[in-house]
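Work through these exercises with the model open beside you. Each task is followed by a solution in steps.

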Amino acid sequence: MVDFLAENNLCGQAVLRIISCGNAIIAELLRLSEFIPGVFRLKDKADQQKYGDIIFDFSYFKGPETCEGKLEAKPELLDLDEEFRENNIEILTRFYLAFQSVHKYIVDLNRYLDDLNEGIYIQQTLETVLLNEDGKQLLCEALYLYGVMLLVIDQKIEGEVRERMLVSYYRYSAARSSADSNLDDICKLLRSTGYSSQPGAKRPPNYPESYFSRVPISETFISMVIGRLRSDDIYNQVSAYPLPEHRSTALATQAAMLYVILYFDPSILHTQQAKMREIVDKYFPDNWVISIYMGITVNLAEAWEPYKAAKTALNYTLDLSNVKEQASRYAAVTERVHTQVQQFLKEGCLREELVLDNIPKLLNCLRDCNVAIRWLMLHTADTACDPNNKRLRQIKDQILTDSRYNPRILFQLLLDTAQFEFILKEMFKQMLSEKQTKWENYKKEGSERMTELADVFSGVKPLTRVEKNENLQAWFREISKQIMSLNYDDSTAAGRKTVQLIQALEEVQEFHQLETNLQVCQFLADTRKFLHQMIRTINIKEEVLITMQIVGDLSYAWQLIDSFTSIMQESIRVSPSMVTKLRATFLKLASALDLPLLRINQANSPDLLSVSQYYSGELVSYVRKVLQIIPESMFTSLLKIIKLQTHDIIEVPTRLDKDKLRDYAQLGPRYEVDPKQLLEDGIRKELVKRVALALHRGLIFNPRAKPSELMPKLKEMAATMDGFHRSFEYIQDYVNIYGLKIWQEEVSRIINYNVEQECNNFLRTKIQDWQSIYQSTHIPIPKFTPVDESVTFIGRLCREILRITDPKITCYIDQMNTWYDIKTHQEVTNSRLFSEIQDTLGTFGLNGLDRLLCFMIVKELQNFLSMFQKNIWRDRTVQDTLKTLMNAVSPLKGIIANSNKVYSTAIAKTQKIWTAYLDSIMKVGQMQILRRQITNELNYSCRFDSKHLAAALENLNKAILADIEAHYQNPSLPYPKEDNTLLYEITAYLEAAGIHNPLNKVRITFQCLVQFHLFYFVNMCCFGFFFGAGVVCKRPADQIDWLPLVLGLLTLLKQFHSRYTEQFLALIGQFIRSTMEQCTSQKIPEMPADVVGALMFLEDYIRYTKLPRKVRENSMSPVSRTHLGAHPKARWFGSIVLCT
């Protein structure tokens, strides 16, 4: 008969593929359960208020039109809904595909069963498949895995969360309109069961059998599978556990499968007492806590409480006398086997000869150890006992008392067993690899001894003093030939013949009285020894390794092992050599990966890599967690170093008198710390945790504090960061790491991640943690609860700077790079602020602050333009005013007659709406001033710290710009293609080095805004133009800082086509000309403040945009310059007005 798992056996391959998919689906569900967006839980009041109206459960399907109508009635909800869709559709799709896979799995399994019944697979029926050894394993696994999927979904992804995610996916995806979509079936299968995994939660009625019955499965199939599991040892595990007291452990995998599958036929649990008694007697006579899949544990006393037959059958097992008996037995076993294992682990005990002679004894010891560890770990686990259940608590207390349970002793037994097992496996692997070579060597040595002995009795060797004996000579030669004829491949015959040869050599020594000759006796003894070694070697079987692999299974502890983490870490802290035994324990735990990967590998599924990466990644994460105690210990020492470096040790000056050298050596404090060799990843993780915490705590500001806490806290934070940096530099040689490299990489990652999270507030499509290039699974950057409107410390820092430099309360003097309080005229801050930020957060911090300010500027510009579109376009009065003014000012090169009246009328009709726009423009200007300061600081530090980099970047930038200009003049010359990242990459370098002009960036794009430039000009006139430092206004109460206003207007103009700027400047020029014309004709001696302000604006605009001077000349025209020159008060204006 063809092997059921053979590639040409379609029946076997079909069910194998189904099971392979099942294991992959469970891995995907476990993986996704760690990435459930918290918003779908709606636990926070903030989430409920914000998203409660756009996230629905299955009640949505009762009236989808009503729900959608409520959303459409509120534009802000529609906008929020669209933003939510953009941010979550990717993860929702991933979850939906996983849910769909679960439904597809059971559909495929039912189809396979139908095909079996209809005879699609020739000569195969359900009965014949269940008679096949591999067939019955696969069919049992197929149903069992489906049950595990449902349990995993309900444990890891709450029912309400599933419903909300499915409804959101339905609303946001095209599946709702797809004719072949099975979304309805998926929703029916995965609707909420009412189950909660929270401790103390009440179990829903008829759970989980009603959940398991949502998709009908053949009752005959379920009954036959349960029958096989009840009667057979389907995995032949009993052979690995020959002792009767180990039978429940041998059948543990099968017991877990039976537990899950019984829920598909709950009548057995409820009423069929005989079957349940049989099941309990076979599988659960001495245990009641089981692991069903990769460490997911279940306490049968609690799980079977609602089922009469199951509960009755289990009562004997749970009887306190039986509990006491089992606990006492395992206490005695633990004490006995632990002594044995420690004896075996003594240096020099596990030699090859001892191992080969005592294989049964060693295996029995391994079995006893693993069985005892399994029973104690499962039955003393906190997760297996509901503290609110009195009976379970009583049983657990009984176990803890009678087993004399001590977690440290159990952990030590686990360590020693793992080490013992590891050594034995390595020895057997080596012996198996050398088996044939050694056997052939022993055979050759034995044959040569017999040949030499034959030569002794030939008489040709006179020094042997042995008389010639032709019979013995011939006999020994024959024995030599017999030894050489032994065949390694026929181990059975070779072993039998070897035993006969040993007996013959013993007899020849006895019958021929050869004992008198010591040399001959030695030859015979050596030959018998080699023959014995051949027997030992030929008996080294791979089955021993397989048995050790089966016995050493630790998959049940995949989750329980975490309860021993603190003990592991404390052991490492006390004795670092403990890591050696932990290595063996982790390798033992890695054997758990065989369970989900076996069938995937047999099916040659492409899912093998993904599933193995998930489980191995989980194991590696746990290993990292345990070993994190090493860098934690190091950082405890590092804190002492920081204290020494920052407080006790004085920094050595550049020049030092020889007689003071001893004072600066400070030998006492320098050698108090003795750093050790540590793990780099652990060091990085601990560094990230501590630096992130220091930044979070150190940069929290009180907005009511006067003066501001900004500078003191920055200085304090700079000292802390410098202490970390110098201490890292101090220890790097001791621990053999690149301290500066680690410091720069991790600090930059922390800052960039926090900037990214802060910028998420300004993005519709958020960057989730799992999408971030800065976040890491192994070295995670911690997230902290926000203390104000900012998400991170970088946001708090930025908003504190904006608060203290607010144009409403401060005045910025550009020539001094200083902000002054507008009332007290006291200095608030200056450019030193940004040097302090550079000292605290470095280049990455300044660059991140600049990036955050860019997002804020974009937000303000968008607010301004949305207000403009909303108010101006809908205000008929303003529209008519602007049209009238447009007619009056045309052409722009001309002079307006009676200009005062024209401008006053327009100003009067539009002045009331200007206040709404002023704040946005001033904020933009304020942030642009800050960005200019940041750019200057970055450029200065780059030139000072890395002058070659600065020079290289400047030259490269000039070369690229020259090439681009040459290309536009001659398109045949080369130009970077769209897929070329050069321009993008060089821009990042230039911005980091401060080689750019923040005022020249275009950040938003909008459609053409008719009359925008005219509106802009009119409102410039509304609040007047300012003279000097920008604190003189038409009304004293309206004090507005000049430079933020100019830079804000400049930035806003920069976002539009250059023609808007040209028209705007032409309007200002026309305003100056017309006003001066009217003043001259009316012989007004004073030059209007508006004209002075307009001229100053032109000057500042040209200076900050670095435009040529002719731009101002073009806007003024010779006529206006003549009029200005003729004005009595124009002379003092001098160079500002008349320079060309």
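**Exercise 1.** Is Val-355 buried or exposed, and what is its relative accessible area? Then place Val-355 in its helix and list its contacts.

*Solution.* The model is predicted.
- Step 1: Val-355 has a relative accessible area of 0%. The cut-off for buried is under 20%. Val-355 is therefore buried.
- Step 2: Val-355 sits in helix H18, residues 352-357.
- Step 3: Set aside residues up to four places away in sequence; Val-355 then touches Leu-350, Leu-362, Leu-424, Met-427, Phe-428 and Met-431.
- Step 4: Take Phe-428 from that list. Val-355 and Phe-428 are 73 residues apart in sequence, and their C-alpha atoms are 9.0 Å apart in space.

**Exercise 2.** Which residues of H10 are buried, and which helices are among those that cover them?

*Solution.* 
- Step 1: Helix H10 spans residues 219-231, 13 residues in total. From first C-alpha to last, H10 reaches 18 Å, close to the 18 Å expected at 1.5 Å a residue.
- Step 2: The buried residues of H10 are Phe-221, Ile-222, Val-225, Ile-226, Leu-229 and Arg-230.
- Step 3: These residues lie on the same side of H10, because they cover an arc of only 165° around the axis.
- Step 4: Recall the general rule: an α-helix has 3.6 residues a turn, so residues three or four places apart point the same way.
- Step 5: The cover over the buried residues of H10 includes H4 (75-118), H5 (126-131), H6 (133-156), H12 (252-261), H13 (266-270) and H14 (273-283).

**Exercise 3.** Where does His-996 lie, and with which side chain does its own make a polar contact?

*Solution.* 
- Step 1: His-996 is in the loop between H41 (982-992) and H42 (1012-1022).
- Step 2: His-996 counts as buried because its relative accessibility is 18%.
- Step 3: Its side chain makes a polar contact with the side chain of Thr-935, at 3.5 Å.
- Step 4: Leave aside neighbours within four places in sequence; His-996 is then in contact with Arg-931, Thr-935, Leu-990, Glu-991 and Lys-1001.

Terms used
Residues are numbered from 1 along each chain as its sequence is written. This is a predicted model: local features need pLDDT of at least 70, side-chain atom pairs count only at pLDDT 80 or more; totals for chains, interfaces and linings use all residues. Side-chain values use heavy atoms; hydrogens and water are left out. Helices (H or I, at least four residues) and strands (E, at least two) are DSSP runs, numbered from the N terminus. The expected span of a helix is 1.5 Å times one less than its number of residues. Buried means under 20% relative accessible area, exposed over 50%, partly exposed in between (1.4 Å probe, protein chains only). The arc is that of the directions from the helix axis to the C-beta atoms. Contact means heavy atoms within 4.5 Å. A polar contact is a pair of N or O atoms within 3.5 Å; within protein, one must be able to donate a hydrogen and the other to accept it, and residues adjacent in sequence count only if both atoms are side-chain atoms.
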